[in-house]
Number of protein chains: 2
Amino acid sequence: MSKSNNVYKDAFNRCLRLLDETKSLPSEPELGTLLGVSRTTVRSILARMEETGLIDWNKRNKTVLRAPRSEDFFPEEETDSLAEIIERSFMRRLLAGGAEAGMQINELELAREIGVGTTSVREFLIRFSRFGLIEKRRNSHWVLKGFTRAFALELTEIREIFELRSAAAFAALPEDSAVWADLDRLELEHRQLASEIATRFNEFSELDERFHRLIHRASHNRFIVDFYDVIAMIFHYHYQWNKAEERQRNEVAIQEHLAYIAALKSRDPGKVDAACRKHLKSARQTLLTSIPEGRQMQPA
Amino acid sequence: MSKSNNVYKDAFNRCLRLLDETKSLPSEPELGTLLGVSRTTVRSILARMEETGLIDWNKRNKTVLRAPRSEDFFPEEETDSLAEIIERSFMRRLLAGGAEAGMQINELELAREIGVGTTSVREFLIRFSRFGLIEKRRNSHWVLKGFTRAFALELTEIREIFELRSAAAFAALPEDSAVWADLDRLELEHRQLASEIATRFNEFSELDERFHRLIHRASHNRFIVDFYDVIAMIFHYHYQWNKAEERQRNEVAIQEHLAYIAALKSRDPGKVDAACRKHLKSARQTLLTSIPEGRQMQPA
DNA sequence: GTAATGTCTTTTATCGGGAAAAAACAATTT
DNA sequence: AAATTGTTTTTTCCCGATAAAAGACATTAC
């Protein structure tokens, strides 16, 4: 068992959803771009769809025969990549307590516990190391540095430096830049979310990330853009474990974003700086309150 | 052939150099710490030293019998770790022309060319990716982003932000902090190097790194400290390919460092800022002049 | 009784192999 | 002739296995 076919399964599931909308599927290369996979995978998908009577496939003709049923889908858990599985397991262990700073991380043990090979775990740890939470001892184990208050403060310090710069660069972008349309679209989405906050408050997290990434991109600096990966990772898990007052926090954040957007549109550097600072300050506060002083983070 | 014993060979060579200085070697654990290896490796070293008649080894007694000869040493090239070998090969390819931005990187081909397994190459690429020079296409190849002028500008932009902050933090450190002694020591080394610049100018690179790392550490921010790895890597290779006017450049840099050190010692924020800016500006200039406009970097 | 040595166990670093997925090439179809 | 399908080759992803190196435990020496 050398490689799971999760790419195929995930693409298959996504392709099933396309079936609802059309009477026939497009060409193989087109489907490939649509699903983000190679033609090889597309053909496997089509083959199975034909087998299970979902479509009639004859060269260029891919006629939809019936709507997909829930049994047609592959189980969700089989569509995740190994890297995702390992990350989730690792973060769960990290946040599920007992993860003291200084603790050593054992590749073999992790691999056995998750049920994967050591190579995948090693690759994950190397990739994960750039988040600043673990550190490698040469020829030896990894050391957990811990999800501490110090970590959160160091993270937000850089975030603030970078975002203030990016926001300033954003506001200085020429009138005809495409970003202004992107910003308008995001503003609209914010307003829609604000009006349905009671039911959709948990959709904020994803909108938040798109908004900040748009701003950071204005820096035109790959190190600033890449650094947002660290923030996104932390906030991703932060949102998962800290559900306390989630709705209210998100409501406040949306309003801050709207003020921030207005400031950007005004293109007044002073206003941009003020709105950005205000939002970053409350974001930092939110993160910090979820880390008890002098202890490790714990799930809510 | 699963793992080379370069750790042993490298430690053995370093241990040989200790033989010149003493009549007998210390205990195994002590040797281990001294050489940065485990006792297992220390014992392999001692075993070979006894075999080749370098020492007489009987439990606690490790008497030196003769001075090491050049044949006793393992060849230099056998002491490098695989990661170092791969990095060097990769950077040579990158700098040896023909490395256009957008080019795709083939793991298998690289592995075959260097003569190592794909796993090691994969791990190297993952580790290397944080330098911002390559990018991964999911389930597919890596893409070379190129050693371009844009890269150098993005890199130096962050460097300047971080170093100005770190320098300010450094100057604000309390009188009794240990860093002031470190700084004094570095100042002395700078003066010594300056006085023998004609013969030792190529030693500057290493001193430069230690100096800047000391300053960055004052930020107490792991992201700032870690970012210096990117700078160090780039400058390391930069120094290797751009030998033009090396002596003069280093002479100027040493003087800038001395002025920078004096500013830090004055603890006057204005002076620190000015000295830091001046040095960073010329460092950026040096880097930029080695990258021809609109083209890839080429070795000198 | 502390610290060293001797011995045994575990973990890391690395390889080769094999299935999944991508990519390249050839043959059709419109 | 441009795009699509059919076929073959190459590459990526991941595992299990193995030697090097680290680490743990037992024994001995001072």
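**View 1. B:Lys3 and its neighbours at DNA strand C in the predicted model.** In this predicted model, a polar side-chain atom of B:Lys3 lies 3.2 Å from a base oxygen of DNA strand C, a polar contact being a pair of N or O atoms within 3.5 Å, where within protein one atom must be able to donate a hydrogen and the other to accept it, and residues adjacent in sequence count only if both atoms are side-chain atoms. Local features need pLDDT of at least 70 and side-chain atom pairs count only at pLDDT 80 or more, while totals for chains, interfaces and linings use all residues; side-chain values use heavy atoms, with hydrogens and water left out, residues are numbered from 1 along each chain as its sequence is written, and chains are lettered from A and ligands numbered from 1 in the order in which they are written.

**View 2. The protein surface near DNA strand C.** DNA strand C is surrounded by 42 residues, the closest of which are A:Thr40, A:Arg122, B:Arg39, B:Lys62 and B:Ser120; a residue is near a strand if one of its heavy atoms lies within 4 Å of it. Of the atoms of DNA strand C that come within 4 Å of the protein, 69% belong to sugar and phosphate. Among the elements that each supply at least two residues of this surface are helix 1 (6-19) and helix 5 (107-114) of chain A, and helix 2 (28-35) and helix 6 (118-128) of chain B, helices being DSSP runs (H or I, at least four residues) numbered from the N terminus.

**View 3. Phosphate contacts of DNA strand D.** An N or O atom in the side chain of A:Lys62 is 2.7 Å from a phosphate oxygen of DNA strand D, and for A:Arg43 the corresponding side-chain distance to a phosphate oxygen is 3.1 Å. Chain B takes part through B:Asn139, a polar backbone atom of which is 3.5 Å from a phosphate oxygen of DNA strand D.

**View 4. The interface of chain A and chain B.** In this interface, 30 residues of chain A are in contact with 30 residues of chain B, contact meaning heavy atoms within 4.5 Å. The two chains bury about 2700 Å² between them, 53% of it on carbon and sulfur atoms, where buried area is the accessible area (1.4 Å probe) that two parts lose on being put together, summed over both. A:Glu154, A:Arg222 and A:Phe223 supply 26% of the area that chain A buries against chain B, more than any other three residues.

**View 5. The salt bridge of B:Glu157 and A:Arg165.** The side chains of B:Glu157 and A:Arg165 form a salt bridge with an N to O distance of 3.0 Å, the rule requiring a side-chain nitrogen of Lys or Arg within 4 Å of a carboxyl oxygen of Asp or Glu. Six salt bridges are found across the interface of chain A and chain B. Helix 6 (118-128), helix 7 (149-171) and helix 11 (222-241) of chain A each give two or more residues to the side of chain A that touches chain B, and helix 7 gives the most, with nine residues.
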